[in-house]
Amino acid sequence: MFEYTCKLSLWIRHPAADLSHVPEKLGFPATRVWKAGDPRLTPKGMPLIGNYRESYCSLSLQEERVASLPDLLRNVLPKLSARKADLDKLTSSGATISLFVGWFSEDTNSRDVIDWELLAELAKLKISLDLDFYGPEETTPQTVEDGKT
C-alpha cells in the first residue's frame, strides 16, 4: 500500500430544516452551517450570488490529517454510534448524511481496504461514504524547442 493521509468530515444535508443545533447535539465542531434560503457565502464569509437551495452542516471529526482510513473509521464510528438516535432523527426527517473523506497522496497510486464490518457500521448509521482523492499536483511538460526538452 502507498502512503497517504486523510481527513474526515460528517456532511448533513436537509431540504429545509435548521441544522444549527446539530454540532452541539452530535458533539463535533462545525466547519460550515447554513439554512435553505440563506444568502450564499464563501468559506471566508464573502457574499456570493443567490441563496442556498438546501440546509447543510459540516462537522469536523478530527483535528489533523492522519494515515490509515480504516484506523480512523475504527476510532470515529463508536463516537457516531453513541449518537445513533440523533442520526436516526435526522435521516427520518429527510436528511442525508455522508462521511466525507479527503484522501491526500503525493503518489499517483494509493489504496487501502475498508472491510465489510466497517462498512456495515456505516450502513447501520445510514451514513454514506464520500471519497475525494487529492493527488500530486500535475506538472506541465516543457515544450520542445530546437530538439531539446
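In which strand is serine 9 found? Serine 9 is found in strand S1, and this residue makes a handy starting point for a walk through the structure, which is a predicted model. With a relative accessibility of 14%, serine 9 counts as buried, because the cut-off for burial is under 20%. Leaving aside residues up to four places away in sequence, serine 9 touches Ser58, Leu59 and Leu61, and also Ser98, Leu99 and Phe100.

Stepping back, the overall plan can be described. The protein has four helices and seven strands, and along the sequence they follow the pattern β-α-β-β-β-β-α-α-β-α-β. Of the 149 residues, 33% count as buried. The accessible surface comes to about 9700 Å², and 53% of this surface belongs to carbon and sulfur atoms. Among contacts between residues at least 6 apart in sequence, 76% join residues at least 24 apart.

Five of the strands form an open sheet with mixed pairing, in the order S2-S5-S1-S6-S7. Strand S2 (30–34) and strand S7 (127–134) stand at the edges; each has a single partner strand, so one side of each is left without a neighbour in the sheet. On average, and with direction ignored, neighbouring strands of this sheet are turned by 20° against each other.

S2 and S5 run antiparallel and are joined by four bridges, with alanine 30 standing opposite leucine 59 of S5. S5 is also paired with S1, again in the antiparallel sense, over six bridges. In this pairing, tyrosine 56 of S5 is the bridge partner of arginine 13.

How many of the six residues of S5 are buried? The count is six of six, and S5 is described as mostly covered. In a regular strand, side chains alternate between the two faces of the sheet. In S5, Ser55, Cys57 and Leu59 point one way, while Tyr56, Ser58 and Ser60 point the other way, and all are buried.

Helix H2 (residues 69–81) lies across S1 (5–14), S6 and S7, and runs at about 40° to S1. Helix H3 (residues 84–92) packs on the sheet and touches S1, S6 and S7, its direction making about 110° with that of S6.

Attention now turns to charged residues. Side chains of opposite charge can pair when their charged atoms come close. The structure holds six salt bridges. One of them joins arginine 13 to glutamate 54, with the closest N and O atoms 3.0 Å apart. This pair links distant parts of the chain: arginine 13 belongs to strand S1, whereas glutamate 54 lies in the loop between strand S4 (47–51) and strand S5 (55–60), 41 residues apart. Both partners are partly exposed, arginine 13 with a relative accessible area of 28% and glutamate 54 with 31%.

Which residues are linked with Arg74 in a network of salt bridges? The network is made up of Asp71, Arg74 and Asp115. Aspartate 71 pairs with arginine 74, the closest N and O atoms being 3.1 Å apart. Both residues lie in helix H2, three residues apart, which is about one turn of the helix. Aspartate 71 is partly exposed at 46% relative accessibility, and arginine 74 is partly exposed as well, at 43%. The salt bridge between aspartate 115 and arginine 74 has its closest N and O atoms 3.4 Å apart. Aspartate 115 lies in the loop between S6 and H4 and arginine 74 in helix H2, so this pair ties together parts that are 41 residues apart in sequence.

At the start of helix H4 (residues 116–124), a side-chain oxygen of aspartate 115 reaches to within 3.0 Å of the backbone nitrogen of glutamate 117. Aspartate 115 counts as partly exposed, at 23% relative accessibility. Helix H4 is followed by lysine 126, which has a positive phi, near 60°.

Notes: Residues numbered from 1 in each chain as written. Predicted model: local features only at pLDDT ≥ 70, side-chain atom pairs only at ≥ 80, totals over all residues. Heavy atoms only, no water. Polar contact = N/O pair within 3.5 Å; in protein donor to acceptor, adjacent residues only side chain to side chain. Helix = DSSP H or I, 4+ residues; strand = E, 2+ residues; numbered from the N terminus. Buried < 20%, exposed > 50% of the residue type's maximum accessible area, 1.4 Å probe, protein only. Contact = heavy atoms within 4.5 Å. Areas by Shrake-Rupley, 256 points an atom, 1.4 Å probe, with all protein chains shown as cover. Pairing = 2+ DSSP bridges. Axes fitted to C-alpha atoms, helices over the stretch in contact; angles between N-to-C directions. Salt bridge = Lys/Arg side-chain N within 4 Å of Asp/Glu carboxyl O.
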